[in-house]
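Please look through the structure shown here and then work through the exercises below it, trying each task before you read its solution.

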Amino acid sequence: MLNIFSMLAAFVAGLLKTAFGIGAGVFLTPLLSLTMDPKTAVALMAPMMLITDFSTLGTHWKRWDKKQLLIILPGALLGTILGSYYLAGASPEKTKITIGTIAILFSTLQILRIKKEKLFTNIKFSPWQGSIISIAAGTASAIAHSGGIVLTIYLITQNLKKETFVATLVGFLLFADCLKIVMFSRLGILTLPLVKISLFLVPVLFLGSWAGSKLIKKISDKQFIIYINILVFLSGLILLIKH
């Protein structure tokens, strides 16, 4: 299980979070699911996602929008619990289909959000719509570590300053990732051997963070994210075909 793919996942997780401020789970979960049991892939990524949250928390401390957190965190709680139970009960084949579908949908959404930015900024979601979206985000976070992209659909319409936007998103991710650790442990998805492997990969994770700090100065983030999402789309498609 501790192989080149898991080490590469840890490296890219640190790189993406540092260089582009985005959660790496939605990109890496379908890729890892091609080489291991999808539930194992989700569980292995969970501690690493939490570590990346804490590594960026200091930069964004208290810059979040408290009103928005009050809107999205209850939904995150409900959605993460629902997603965790789904993941625990689903068969490996069903999990592959779910992760593959999420990868295709959300990579397409991410590309559209970059290419058609005005389409999202001209929309204004209400608080109750934000609550519904946060439930979907929590569910997607538990199943495929992709809640950040879902929540972005709501937050990008709220006209927040860049610092406030990122800090609020980090607050959501930290809350959801902490809850996932608890739920995955209680439901037997995350085991002690998997935690040990994740901790062993921490140095690789921080090596990726260092590389990300260098990369951010040399490449367009929009261009890079588009290429990554094309890779995610293809990975999701392969998961569905393999099924």
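This is a predicted model: local features need pLDDT of at least 70, side-chain atom pairs count only at pLDDT 80 or more; totals for chains, interfaces and linings use all residues.

Residues are numbered from 1 along each chain as its sequence is written, and side-chain values use heavy atoms, with hydrogens and water left out.

**Exercise 1**

Describe how helix 4 packs against helix 8.

*Solution.* Two packed helices are described by the angle between their axes and the distance between the axes. Helix 4 covers residues 66–89 and helix 8 covers residues 147–155, and they pack at an angle of about 130 degrees with their axes 12 Å apart. Helix 4 is therefore oblique to helix 8; angles under 35 degrees count as roughly parallel, over 145 as roughly antiparallel, 65 to 115 as roughly perpendicular and the rest as oblique. In the next step we look at the residues: Gln68, Ile71 and Ile72 of helix 4 meet Leu151, Tyr154 and Leu155 of helix 8, where contact means heavy atoms within 4.5 Å. By class, five residues of this contact are nonpolar, one is polar and none is charged.

**Exercise 2**

Work out how helix 4 and helix 9 lie relative to each other, and which residues meet.

*Solution.* The axes of helix 4 and helix 9 (residues 162–186) come within 9 Å and cross at roughly 30 degrees. The two helices are therefore roughly parallel to each other. On the helix 4 side, the residues that meet helix 9 include Gln68, Ile72, Ala76 and Thr80, and on the helix 9 side they include Gly171, Phe175, Leu179 and Lys180. The residues of this contact comprise 14 nonpolar, five polar and one charged.

**Exercise 3**

*Solution.* Begin with Thr98, which lies in helix 5 (residues 92–115). A polar atom of the Thr98 side chain lies 2.9 Å from the backbone oxygen of Lys94. Not counting residues up to four places away in sequence, Thr98 touches Tyr86 and Ile143.

Continue with Lys180, which is found in helix 9. Leaving aside neighbours within four places in sequence, Lys180 is in contact with Thr80, Ser141, Ala142, His145 and Ser185.

**Exercise 4**

Where do His145 and Asn159 lie, and what is the phi of each?

*Solution.* Most residues other than glycine have a negative phi. His145, which is not a glycine, has a positive phi of about 50 degrees; this residue is in the loop between helix 7 (127–144) and helix 8. With a relative accessible area of 7%, His145 is buried. Asn159 is found in the loop between helix 8 and helix 9, and its phi is also positive, near 55 degrees. Asn159, at 64% relative accessibility, counts as exposed.

Key: Axes are lines fitted to C-alpha atoms, for helices over the stretch in contact, and angles run from 0 to 180 degrees between N-to-C directions. Helices (H or I, at least four residues) and strands (E, at least two) are DSSP runs, numbered from the N terminus. Ala, Val, Leu, Ile, Met, Phe, Trp, Tyr, Cys and Pro count as nonpolar, Asp, Glu, Lys and Arg as charged, and the others, Gly among them, as polar. A polar contact is a pair of N or O atoms within 3.5 Å; within protein, one must be able to donate a hydrogen and the other to accept it, and residues adjacent in sequence count only if both atoms are side-chain atoms. Buried means under 20% relative accessible area, exposed over 50%, partly exposed in between (1.4 Å probe, protein chains only).
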